[in-house]
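Please keep the sequence and the model in view while reading.

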Amino acid sequence: MTDRLAELTRLFPDLKLSTDPGDMEHHGRDWTRRWPPSPLAIAWPASIDEVQGIVRWANQQGVAVVPSGGRTGLSGGAVAANGELVLSLDRMNRVLDFDPIDRTLTVQAGMALEAVQNAAREHGLIYPVDFAARGSCQIGGNVATNAGGIRVIRYGNTRQWIAGLKVVTGTGELLDLNRGLIKNASGYDLRHLVIGSEGTLGIVVEATLALTAPPPPSQVMLLAIPAMDALMKVFAEARHRLRLEAFEFFTDRALHHVLAHGAQRPFDDAYPFYVVSEFDAADAEAEAAGLAFFEFCLAEGWVVDGAIASSDAQAAALWRLREGITESLAPHKPYKNDVSVRISAVPAFMAEMQALLTREYPDFDVVWFGHIGDGNLHINVLKPTDIDNASFVEQCEHVTSMLVDTLARHGGSISAEHGIGLVKKPWLGSVRSEAEIALMRGIKAVWDPNGIMNPGKLL
Ligand code: 2HG
Ligand code: ZN
């Protein structure tokens, strides 16, 4: 133990702290896997007092702090590769309050998203933000990244569901922001500054979450689609006729990898694009509307094959085709891009980008999938086995530069929902003006004057 850690232990004799190499390896990285972890130590505070104490100690000692949730992020936001103290919220994982009148659930930041969803359901309500990492990611990290996912089309991002936040700033100050109010016209809404700040302003320690009534029973449909233009027509038609809860797309390459990873093949033939859609189907009439939508798209030639789940197990199998993609790609060490354009710009953007990729990198396996109903596309480039890591990253950074140029022509963003972190930091200036970045730096300097909060990330 270094002197600095000894001092921390003296201040907080009960604080759980580790320098065990296994813990350092495990907690020093997120799902990006690019940076070898090298933290100073891992701390697991059990109370807000301890979080504040650690932050004050870190200021005195000049130690950087990396707030750490489930570390399922894909932009390197939770990486500790430079002797930082990892502050894990794992032990702060309890429900603190449920209020049936306000329909709010107040939880500690280290609660897993799935546990939050289950807690809401116990009260006959839902917390509707949802994505595949639900079992591992934590609500504090969801807030810090303004996590999106598969139900944004219906419910919006995490931001929309945060009624209150407790945050420990970079100086160790505890802020109690918005306190569950629906209306609060009292100046700058600091809560919204923290949401999406990627741990650079402070540490989320508690959140008061708005809940809502569960949707009616739904139907899950898988559609095979011959072309991107057709897909956009299917989307417009679906929005017109159905009450959508999800509209997700993936390509044949994505399907290839989930199938190789053990998922069930949905159709005998292969098609260029697929959509998994979920929509309300409370009664026979709504179910008939689903079928009529499908038949209409088929007759128009926009859809060439399809499957409608007739049981929960079938619905889960269809969802697995989409939700299993990230896991199925992981062994291929993918370089990830997470971009957005306006929905109407999707086909032109995709066609242009795919043409560039085919011209410049014909041997790359490029897998497109994502939340097309939000204009959010995930573009994973898989590492060819005959290229070393360093040259692969170099080539992928060139791909990112091509993406940045193409996105600029289509008015898009280099990060839709994964954040900037370390991975996309070099390109922040492609989506935010100099004036905006200067303001962001100024805000950081006020919240975290010694620059100890997740330094090097985002800015
Ligand atoms: C998803 O939508 C996640 O499944 C992960 O945002 C995307 O792996 C990815 O690139
Ligand atoms: Zn996503």
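How do the residues of the shell around ligand 1 divide into nonpolar, polar and charged?

## The shell around ligand 1

In this predicted model, the shell around ligand 1 divides into 2 nonpolar, 5 polar and 3 charged residues. The residues that surround ligand 1 are Leu74, Arg322, Thr326, Lys336, Phe369, His371, His378, Asn380, Glu417 and His418. Two strands, E15 (365–371) and E16 (376–382), each contribute at least two residues to this shell.

## Polar contacts and burial of the ligand

Side chains of the shell approach oxygen atoms of ligand 1 at several points: a polar side-chain atom of His418 lies 2.7 Å from an oxygen atom of the ligand, a polar side-chain atom of Asn380 lies 2.9 Å from an oxygen atom of the ligand, and for His371 the distance between a side-chain N or O atom and a ligand oxygen is 3.0 Å. Ligand 1 taken alone exposes 290 Å², and the protein buries 88% of that area.

## Domains and the contact between domains 3 and 4

The domain assignment divides the protein into domain 1 (3–88), domain 2 (95–210), domain 3 (218–326) and domain 4 (333–418). For domain 3 and domain 4, the centres taken over C-alpha atoms are separated by 23 Å, and 18 residues of domain 3 are in contact with 17 residues of domain 4.

Between domain 3 and domain 4 an area of about 1,400 Å² is buried, and carbon and sulfur atoms give 70% of it. On the side of domain 3, Met228, Met232 and Phe249 supply 35% of the area that this domain buries against domain 4, which is more than any other three residues supply.

Technical notes. Residues numbered from 1 in each chain as written. Chains lettered and ligands numbered in written order. Predicted model: local features only at pLDDT ≥ 70, side-chain atom pairs only at ≥ 80, totals over all residues. Heavy atoms only, no water. Near = heavy atom within 4 Å. Polar contact = N/O pair within 3.5 Å; in protein donor to acceptor, adjacent residues only side chain to side chain. Areas by Shrake-Rupley, 256 points an atom, 1.4 Å probe, with all protein chains shown as cover. Helix = DSSP H or I, 4+ residues; strand = E, 2+ residues; numbered from the N terminus. Nonpolar A, V, L, I, M, F, W, Y, C, P; charged D, E, K, R; others polar. Domains from an automatic or database assignment. Contact = heavy atoms within 4.5 Å. Buried area = accessible area lost by both parts, 1.4 Å probe.
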